[in-house]
Amino acid sequence: LRFRSPDVTKDARMTDHKSFGIARTQRTLGPIWLTEGVTPGNALTLFFSSMVTIVFITAIGILLPYLLHEHLKMPTEVQGNFTGNLVVILELIAIAIAIPIGAASDRWGRRPLFTVGFLMVFVGLVFLPMARTEATLILFRLISGAGLSIGTTMLATTIADYPQNASRGKFISTNGVITIIGVIVLSAFVFAQLPKFFLGAGADQYEAGTYTFWAMAAFALLTAL
């Protein structure tokens, strides 16, 4: 970066911005210039995948206490300690797999690993509500958590791959807005409300939790596809 005096002219700033070197033969998504080989469909799929990744991180955190209370009958006073320890384990796993997953994506590509991550989330969410013990719940939560860690690693990598330098800020900002809207709509107003919906449809407490996580699992499978 070169620092300029405050009296730099508008024309000079525009000329310097053009030095970012936009390859105008490549495709665009609105005002966003994409890198070679990246289509608008690729970019939109990435935005969707980014949104779903963060939505699952949020929604699972919101709904896990429901499983602890209704499925495992865990006393409220010990749930905080249990979930706190679980978060620590998940963060350690995320740290442990970040570098090898990043290296693997350079070798095998982003798409296969992103897909594997969502498939792991699918498996974890299918079996999570069927856990009968704390150990099995931890196991399936770790499977889904590892999948989400793969997803966040691929997300950070792919966001850097898709836009040209001159559009990187617009691309990242657009992704952030879409993700925030998705978290508000899907996490707070859809997934978090599903247990109430299923209870109102005649399901019992256990069935409502199970159907909720299975609906989320179906959404993870859709994203993987």
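Ring pairs join Phe48, Phe56, Phe191 and Phe219 into a cluster; rings of Phe, Tyr and Trp (its six-membered ring) pair if their centres lie within 6.5 Å, and planes under 30 degrees apart count as stacked, over 60 as edge-to-face and the rest as tilted. The structure is a predicted model, in which local features need pLDDT of at least 70 and side-chain atom pairs count only at pLDDT 80 or more, while totals for chains, interfaces and linings use all residues. Residues are numbered from 1 along each chain as its sequence is written, and side-chain values use heavy atoms, with hydrogens and water left out.

A pair of aromatic rings is described by the distance of the centres and the angle of the planes. Eleven aromatic pairs are found in a search of the whole structure. In the pair of Phe56 and Phe219, the ring centres are 6.4 Å apart and the planes stand at 75°, so the arrangement is edge-to-face. This pair links distant parts of the chain, 163 residues apart: Phe56 belongs to helix H2 (residues 40-71) and Phe219 to helix H8 (residues 205-224). Helices (H or I, at least four residues) and strands (E, at least two) are DSSP runs, numbered from the N terminus. Phe56 has a relative accessible area of 0% and is therefore buried; buried means under 20% relative accessible area, exposed over 50%, and partly exposed in between (1.4 Å probe, protein chains only). Phe219 also counts as buried, because its relative accessibility is 19%.

The rings of Phe198 and Tyr211 form an edge-to-face pair, since their centres are 5.5 Å apart and their planes lie at 70°. Phe198 is in helix H7 (residues 194-200) and Tyr211 in helix H8, so this pair ties together parts that are 13 residues apart in sequence. With a relative accessibility of 17%, Phe198 counts as buried, whereas Tyr211 counts as partly exposed at 34%.

On the surface, a nonpolar patch is formed by Val177, Ile180, Ile181, Ile184, Val185, Phe189 and Val190, which together have about 640 Å² of accessible area. Patches are made of residues with over 30% relative accessible area and no salt bridge, like charges being joined within 9 Å and nonpolar side chains (Val, Leu, Ile, Met, Phe, Trp, Tyr) within 5 Å. A salt bridge is a side-chain nitrogen of Lys or Arg within 4 Å of a carboxyl oxygen of Asp or Glu. Ile184 is located in helix H6 (residues 168-189) and is partly exposed, its relative accessible area being 46%.

Eight helices and two strands are present in the protein, in the order α-β-β-α-α-α-α-α-α-α along the sequence. The C-alpha atoms fill a box of roughly 65 × 35 × 35 Å, taken along the principal axes. Of the 225 residues, 40% are buried. Among contacts (heavy atoms within 4.5 Å) with a separation of 6 or more, 74% involve residues 24 or more positions apart. Arg24, in the loop between helix H1 (10-18) and strand S1 (28-29), is exposed, with a relative accessible area of 58%. Between Arg24 and Ala131 there are 107 residues of sequence separation and 54 Å in space, C-alpha to C-alpha.

The average pLDDT (the predictor's confidence in each residue, from 0 to 100) is 89, and 91% of the residues score at least 70. The pLDDT is below 50 over residues 1-19, a stretch that has four contacts in the model beyond near neighbours in sequence.

Key: Areas by Shrake-Rupley, 256 points an atom, 1.4 Å probe, with all protein chains shown as cover.
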